[in-house]
Amino acid sequence: MSQATTAVQKEQHSEHHQELSFLYKYILPLDHKIIGMQYIFTGLIMAVIGGYFAYAFRMQLAFPGEIVPLYGLVGPGEYNMLVTNHGTIMIFWVAMPVLIAGFGNYIIPLMIGCDDMVFPRLNRLSYQIFLASALVLILSFFVKGGGFGGAWTAYPPLSSVAEYSLTDWGSSLWLLAVALEFVSFLLGGINFITTTMNSRAPGMKMMDIPIAVWFIVIAVILFMASVGPLIAGAVMLFMDQRIGTSFFLPSGGGDPLLWQHLFWFFGHPEVYVVLLPTMGIVADIITVFARKKLFGYRTVLYTAFATGGLSFVVWAHHQFIAGIDPRMANVFVVTTVLISIPLAEMMFCYIATLYGGSIQFTTPMLWGLGFLAAFLIGGVTGIYLGASAIDVYFHDSYFVIAHFHYTFFPITIIGMFAALTYWFPKMFGRMMNETLGKIHFWGTFIPFNCLFLPLFLLGLAGQNRRVYNFLNYPDLARQELHDLRVFATMSLVVMLLFQFVFIYNFFVSMFFGKKAPNNPWEANSLEWSIPSPPPHGNFKTLPSVYRGPYEYSVPGRESDYWPQNEPPKK
Amino acid sequence: MIEFFIENASSFASDIDNLFEVVTWIIGFWFFVTFGTFVYLLIRFRRKKGVKAQYVAGEKHSETKWTHYPHYAVIAFDVAIIALNIFVWVDIKQTLPPRDNMIRVIGQQWSWTFVHAGPDGELDTSDDIATANDLHVKVDNTYHFELQSRDVLHNFSVPAFRLRQDAVPGRTINGWFKPTKTGTYDLQCAEMCGYGHGIMGAAITVHTEANFNETMDQIKKGTYESHYQKRRGTKTEAPSKISKENSKSTFTDVLASIF
């Protein structure tokens, strides 16, 4: 064990020997588990806001100009604000906090067998900055002019000049909130990498780390390496907005395209930043419930590194028709299509893991498998958009919307439910209701497909994004296309209604569910070797690790799992 | 496949449609093979009493070939897609074929100005004809366009032509298209440009030679009735469920007061 951890342990022991008061236990905690839960709950609340926004603007598209129940009239300015902030919230305030910061905080120390993060105070500060960023974002909806409505990519000059966007403080607060959020994740990221590299339990070699932890670490490395240019860009954009510089204004010698390069240099790795944690969590879930060793642990790991590396050189595929030199597009077509190579290999390994298994369809497993099925569609449709000539037609159309919702919805929402249902017994010491869990799964998964499959067709028909009323366009006002819009909106409403099943199940199980044993899923990784919920400090004695995390159904053993910390028989 | 949803009315539209179709076959094949295997494995290896799972590490060659061989095939298909794509892309965006006519397209919040080159086929001469939100072109003429923006980013998008190009303030972007079918089509702004982005539409009409000259004469004389207005007036309320009052939101009123 490294010195850093020892130091932290000492500090913790001296400080937390006595029972902590409520304030220090839940509001200002140093314990990684509570901080993780703070992130998860904040993320869930933000997900409710993001979902509500989606409801409001989908209703406007299906019933243009009518009063939306529980919202009111959606005018064009409001529509822009809703789509912009729906995107921003779902990526920066749901996907990242829940999957990376939330579950990262919760599971990394438990899975690598240490008592806490290496820098607990940094961890707490990171959450507090994150909370501030969420509050700043919410504040931005209520300032004069309303929230920012220039799309989540915030292309200048629209985002930099108040006369163009008509949301003077809305844009600035939005930008400030995003910047604060990055600061928070930079702090958290340092913590995750250092903890995983330094504080692993004795005996845990690099190749014994569960894929869920590995992928969060890779995601954080990608984030930290890519976010620099965007922070520089955000500062320039902020100065353009507030003190009248012209980094992105052509009239003052700036270039609007510069922002797009800075933004997408971050923005594309960001896709893999949110993808990898879910991919890792799903790897752990399918191995547990198929009772199988992960097919090609090293291959999966190396493909993740390859994907991450490649993701830094594909960004301009968001700009094929943005006015860049058309010859440059060819290079980015090659790199973009090449990214399918590691990802296809990773997907094949996941599917091969199922071969010869003994597959048990529990709720977490359903979410894990649902992720693979949905992400497959999202993945293959990406090939169309990576091909620049087809992208000429599909760029900024509903085809793009359908494509990235087939990646982001599985990643964010399905991945979140997979992780929540899988670790719920560990987090709260109670089991969730399986029947309600399955109803919730099918009630989410089927409407999800009914919602986004029609959008592919609307994209084929030439429907562009961010338009608040398609009836203004005669080619798009056709009855059959409008029926598709109404169908998609109705599916969304059904899907949102089924979330109440989850909320009910979540809270009732938290207080009245069946008591969970230490290891309800008979899984191998270290977090299942301690009581549920784990006590402060996690492990009574630090565990020793003797093998990798995926030793299921080993021949010659009576039980079909073999915990990482079980000493081998002499 | 795209023609099923929307007409293809320009020379390169069918190139894009064909490429789309080829890619669809490739992707469809992979999707059904992968998804089929996935579902088969789920059914075949569901939990049965007394059957223990196998121990497969996936590190021996005899095992990894099951993921590696399909993987080599993926690489081959990738190369094919890249090659086909670059051919089409070079044609439609990277090279400009010889022109028959010129137009200038100017986007601003939230309307389009089109400058038609007039009979001499050159811009910035005295016979140029400018219109707002109405673009008129001749069928089977290769047009070069100069795309400009007065304020923020816009996007000159004509779905029926499979044409799309961002307009960047401070720059002139050149491109081309060649309409092949007469008719009136939607022209949309496809890049978020602020409050009125959703109604920044226009109409593009592809005329025969005679028709085109007649329309240009009408514009010069001032007897011209905007195709864009006419089209919106007749077709906007098409879906039966939406009553006329409702589809006219407060937004149109706001815009009316701006312009």
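Let's start with a single residue. A:Asp208 has a relative accessibility of 9%, so A:Asp208 counts as buried. The cut-off for that word is under 20%. One caution before I go on: this is a predicted model.

What does A:Asp208 pair with in a salt bridge? The partner is A:Lys205, and the closest N and O atoms are 3.9 Å apart. Is A:Lys205 buried or exposed? A:Lys205 is exposed, because its relative accessibility is 56% and the line for exposed is drawn at over 50%.

Now a second pair in chain A. A:Asp560 and A:Arg291 meet through their side chains in a salt bridge, 3.0 Å from N to O.

A:Glu480 forms a salt bridge with A:Arg478, with 3.3 Å between the closest N and O atoms. A:Glu480 counts as partly exposed, because its relative accessibility is 45%. A:Arg478 is partly exposed too, with a relative accessible area of 28%. How many salt bridges are there over all chains? The search of the whole structure finds 17.

On to chain B. There are 6 helices and 10 strands in chain B. Of the 259 residues in chain B, 53% are buried. Take the contacts in chain B with a separation of 6 or more: 65% of them come from residues 24 or more positions apart. Chain B also has a network of salt bridges, which links B:Arg104, B:Asp124 and B:Glu146.

Look at strand 4 of chain B, residues 134–138. This strand is mostly covered, with 5 of its 5 residues buried. Which residues point which way? B:Asp134, B:His136 and B:Lys138 point one way, while B:Leu135 and B:Val137 point the other way. Strand 4 runs parallel to strand 10 (residues 201–207) of chain B, and 5 bridges join the two. In that pairing, B:Val137 stands opposite B:Val206.

Last topic: where the two chains meet. Chain A brings 107 residues to the contact and chain B brings 95 residues. The area buried between them is about 9,000 Å², and carbon and sulfur atoms give 65% of that. Which three residues supply more of chain A's buried area than any other three? They are A:Phe348, A:Tyr393 and A:Tyr473, with 7% of the area that chain A buries against chain B.

What about charges across the interface? The rule finds 1 salt bridge between chain A and chain B. B:Arg171 makes a salt bridge with A:Asp255, at 3.1 Å between the closest N and O atoms.

On the side of chain A that touches chain B, helix 12 (residues 340–354) of chain A gives the largest share, 10 residues. The residues of that side divide into 63 nonpolar, 25 polar and 19 charged.

That's the tour. Thank you.

Conventions. Residues numbered from 1 in each chain as written. Chains lettered and ligands numbered in written order. Predicted model: local features only at pLDDT ≥ 70, side-chain atom pairs only at ≥ 80, totals over all residues. Heavy atoms only, no water. Contact = heavy atoms within 4.5 Å. Buried area = accessible area lost by both parts, 1.4 Å probe. Salt bridge = Lys/Arg side-chain N within 4 Å of Asp/Glu carboxyl O. Helix = DSSP H or I, 4+ residues; strand = E, 2+ residues; numbered from the N terminus. Nonpolar A, V, L, I, M, F, W, Y, C, P; charged D, E, K, R; others polar. Buried < 20%, exposed > 50% of the residue type's maximum accessible area, 1.4 Å probe, protein only. Pairing = 2+ DSSP bridges.
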